[in-house]
Amino acid sequence: MAHIKPFRALRPHNEYAAQLASRPYDVLSSDEARKEAEGNLLSFLHITKAEIDLPADVDIHSPEVYLKAKENLEHFIKRKVLFQDKTPCYYIYELQWKGRKQTGLVCVSSIDDYFNDVIKKHEYTRPEKEKDRIDHMRAIRAQTGNVFLACKDLKELTDLFEHWKKREIAEYSFIAPDGVQHAVWVVHEPATVDVITNLFRDKVPATYIADGHHRAASAAKVSQEFNTEDARYFLTTIFPASELKILDYNRVVADLNGLDDAEFLKKLEEKFDVVKSTIPVKPTQGHQFGMFLNGTWYTLTAKAGTYKSDPIGVLDVTILQENVLNPILGIEDPRTDSRIDFIGGIRGLEELEKRVTSGSAKVAFSLHPVSMQQLFDIADTGEVMPPKSTWFEPKLRDGLLTHRF
C-alpha cells in the first residue's frame, strides 16, 4: 500500500506567491528561463535555473550554477520571501485551465515505495538528466521539483478534497501568465491529516508516475546519501485518475532519409491507408495519425495486422515508431537521434506546420493521446512506454511548495 506523509513545506508568503511561482525547470531552456524571469527578482527560476544569474556562456551543469541556486534560496529565506510551516501539513492543489479543473494532494511519498515498485514507473531515465537534479538537490538540501503522481479513483479522497475546499479559504489563488489558475489549501487539522494518511495506507495499493521520472529517480538516489527521516520521502502531488487528461505528444523529423515525397508516400501505403485532407488532422481515435508534408495534411490509418495487440504494441507511439520512424526514416532510437523532435500537444497543430514550413523539419506527425488506463496497464505489467509518450497539462508551478531535507 502507498505510504505518504504530511511535511513542513518551505513556501512563499501569500503576497509573493503569484510572482514567485514558476513553470517547471524542465520545460524551459536557459534562454527561455532568462527571458521569463527578466525583471522579476522573486521568480523561483533563480533557484531552479540559477544559470540565469550567471554569464550566458556558463556551463549549466557546472558547480557554480548549483552554488548560485543555494545562495539564491538562502537569500529568499533571509528576506522572508519564503518560510517553513511549523507543523507537518498536507496541501490540496487545484488547477483550472480551459474550462476544466483537477485537484490533487501535495505530500511526501516514501522512497521505499519507489524502490519496491509501489510507486510504478513507465519510462526509462537518462543518467545525465538525473545527475543535474541530484547535484541541484545536494547543493540546496531541498527538493524543488514536484513529482506528478496518479492513483486510481478513490471517492473518499475526492469527497475530502471538495469538503475542505468549501470549508476553508485557499492560502494561494492566482492566475498565471499562461492562463492557468492555481489554488492551494493548507490541511493543518490533525484529524484530517490522519484520515488522509490512513486512506492511502488502507485503500491505495499503488501510485503511478505520470510526469517526473527523472525528478523521482534523482530524489531516490539523493535520499540514500542522507541519514535523516525527511530524506526518506520525496515531494509528490497525487491526482485521482479521473482528474487528469493526457495530451498528444507529436513528432517532427528533419528529413525523409534520402527519399523524395512520392517514394515516402508509397512506402507509407504499405502499412497505412493514406488520404489527403483539406484541414489539419488531429486524430480522433487510436491508430489514426495526422501527417503534414510539403504543405499538405494527410490522414494515416494503420491497416489491420500491422501492429501488435499487447499493451506496448497497441500504442500509437509504438505503431509510428515500428512502421514509419525506424523502417522508413531510419530513426532506431528516438531518445538519441537528433533528426527527431517532440512537440507537446499544448503547442497545437500550428507548431507542427510552423516547423515544416520554416524548413526546420521535413515532415510532422500528430498522434492520438495515450489514455490513463493504458498508462496504468503498462506500469502494472512492469513494461516501459516508448519515450515521449505522454504530455500532461496543466503543469504544477515550482516554488509554491518545496521539500527540505
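A nonpolar core here is a set of buried Ala, Val, Leu, Ile, Met, Phe, Trp, Tyr and Cys residues joined through side-chain atoms within 4.5 Å, where buried means under 20% relative accessible area with a 1.4 Å probe and protein chains only. Welcome to a predicted model, in which local features need pLDDT of at least 70 and side-chain atom pairs count only at pLDDT 80 or more, while totals for chains, interfaces and linings use all residues. Residues are numbered from 1 along each chain as its sequence is written, and side-chain values use heavy atoms, leaving out hydrogens and water.

**Nonpolar cores**
- The largest nonpolar core has 69 residues, and those touching the most other members are Y91, F264, L268, M291, L329, F365 and L400.
- A second, separate core holds 38 residues, including L149, L157, A219 and F234.
- In soluble globular proteins, nonpolar side chains tend to be buried together.
- Leaving aside neighbours within four places in sequence, Y91 is in contact (heavy atoms within 4.5 Å) with residues including F7, R11, W185 and L401.

**Aromatic pairs**
- Rings of Phe, Tyr and Trp (its six-membered ring) pair if their centres lie within 6.5 Å; planes under 30 degrees apart count as stacked, over 60 as edge-to-face and the rest as tilted.
- The count by this rule is eleven aromatic pairs.
- Y114 and F234 have ring centres 6.3 Å apart and planes at 90 degrees, so this pair is edge-to-face.

Key. Buried means under 20% relative accessible area, exposed over 50%, partly exposed in between (1.4 Å probe, protein chains only).
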